[in-house]
Amino acid sequence: MKKTAVYILVFIVLAAGILFAADIVNKKKEISVVTPDDVSAYLMRYGWETDKEAIKSEDIIIPHCFDELYQKYNEMMLRQGFDLSRYKGHKAKLITCPVTNYGTDDDVYADIILIDTKLVGASLKCPGDEEPIKPLNKH
C-alpha cells in the first residue's frame, strides 16, 4: 500500500513538473509585436532586413475551414512552431513588409500574422522563386 502511494506521489510531482516546464516553454515562444521596430527586430532574428517605413497592415480572418492550399501553408507554419488551426475563424492582422536583403532583384516580402499583439504566424513571399512562400528561416 505504501509503495503505491509513493508511486502515485512521484507520478503527480513529475506530471506537475512537466506541465510547469511546458508552460514556461510556451510563454517563451509567445512573441508580442506592437510597433514597426518590433517587426524589424523579429525579422532580424532570421537575418532579414526591412524598410520600417514601408510596412503595411491589413485585417484578415483566418478561415474556419482550411482548403488544400491553406492546409499546406499551415504545415509550413507548424515546422516553424506556429499553428494557425488554433485560430480558425479569428480576426487577425497581416503585417507585410519588404525584405531588403534577400539577394534577388525580385520583390520579396515578409508576412507576419498577429492576433491582438501575439505573433501567430510568419512567412516569406518570394514571387520569383520556385517556392513562392517559404518559412522565415529559409535562405
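Which residues of the largest nonpolar core touch the most other members? In this predicted model, they are Tyr42, Leu43, Ile62, Leu84 and Ile112, out of 33 residues in that core. The protein has 3 helices and 5 strands, and from the N terminus on these elements follow the order α-α-β-α-β-β-β-β. Of its 139 residues, 32% are buried.

- In soluble globular proteins, nonpolar side chains tend to be buried together.
- Leu84 touches residues from several parts of the sequence: leaving out those up to four places away, they are Ile62, Phe66, Tyr70, Tyr73, Asn74, Met77, Ile113 and Val120.
- Among contacts between residues at least 6 apart in sequence, 56% join residues that are at least 24 apart.

**Helix H2**

- Val39, Ser40, Tyr42 and Leu43 are the buried residues of H2.
- These residues lie on the same side of H2, because they cover an arc of only 160° around the axis.
- The strands against which the buried residues of H2 pack are E2, E3 and E4.

**Helix H3**

- Helix H3 comprises 12 residues, 68–79; at 1.5 Å a residue it should span 16 Å, and the 17 Å between its end C-alpha atoms agrees with this.
- The buried residues of H3 are Tyr70, Tyr73, Asn74, Met76 and Met77.
- Viewed down the axis of H3, these buried residues fall within an arc of 155°, and therefore they line one face of the helix.
- Glu68 and Arg79 are exposed, and they are carried by the face of H3 turned away from its buried side.
- On the buried side, the residues of H3 pack against strand E3 (109–115), strand E4 (118–125) and strand E5 (133–134).
- The N-terminal end of H3 is capped by Asp67, which has a side-chain oxygen 3.3 Å from the backbone nitrogen of Leu69.
- After H3 comes Gly81, which has a positive phi, near 95°.

**Strand pairing**

- Strand E1 (residues 56–61) pairs with E2 in the antiparallel sense, over 6 bridges.
- Within this pairing, Ile60 is placed opposite Ala92 in E2.
- Strand E2 also runs antiparallel to E3, and 6 bridges join these two strands.
- Lys93 stands opposite Leu114, a residue of E3.
- Strand E2 (residues 91–98) is mostly covered, since 6 of its 8 residues are buried.

**Strand E4: Ser123 and Lys118**

- Ser123 belongs to strand E4.
- With a relative accessible area of 1%, Ser123 lies under the 20% limit for a buried residue, and it is therefore classed as buried.
- The side chains of Ser123 and Tyr73 are joined by a polar contact of 3.1 Å.
- Lys118 has a relative accessibility of 26% and so counts as partly exposed.
- Although Lys118 and Ala92 are 26 residues apart along the chain, their C-alpha atoms are separated by 9.7 Å.

**The loop between E3 and E4**

- Asp116 is located in the loop between E3 and E4.
- The relative accessibility of Asp116 is 72%; the limit for an exposed residue is over 50%, and therefore Asp116 counts as exposed.
- The phi of Asp116 is positive, near 60°, and this residue is not a glycine.
- Most residues other than glycine have a negative phi.

Methods. Residues numbered from 1 in each chain as written. Predicted model: local features only at pLDDT ≥ 70, side-chain atom pairs only at ≥ 80, totals over all residues. Heavy atoms only, no water. Helix = DSSP H or I, 4+ residues; strand = E, 2+ residues; numbered from the N terminus. Expected span 1.5 Å × (residues − 1). Buried < 20%, exposed > 50% of the residue type's maximum accessible area, 1.4 Å probe, protein only. Arc of directions from axis to C-beta. Contact = heavy atoms within 4.5 Å. Polar contact = N/O pair within 3.5 Å; in protein donor to acceptor, adjacent residues only side chain to side chain. Pairing = 2+ DSSP bridges. Core = buried A, V, L, I, M, F, W, Y, C linked by side-chain atoms within 4.5 Å.
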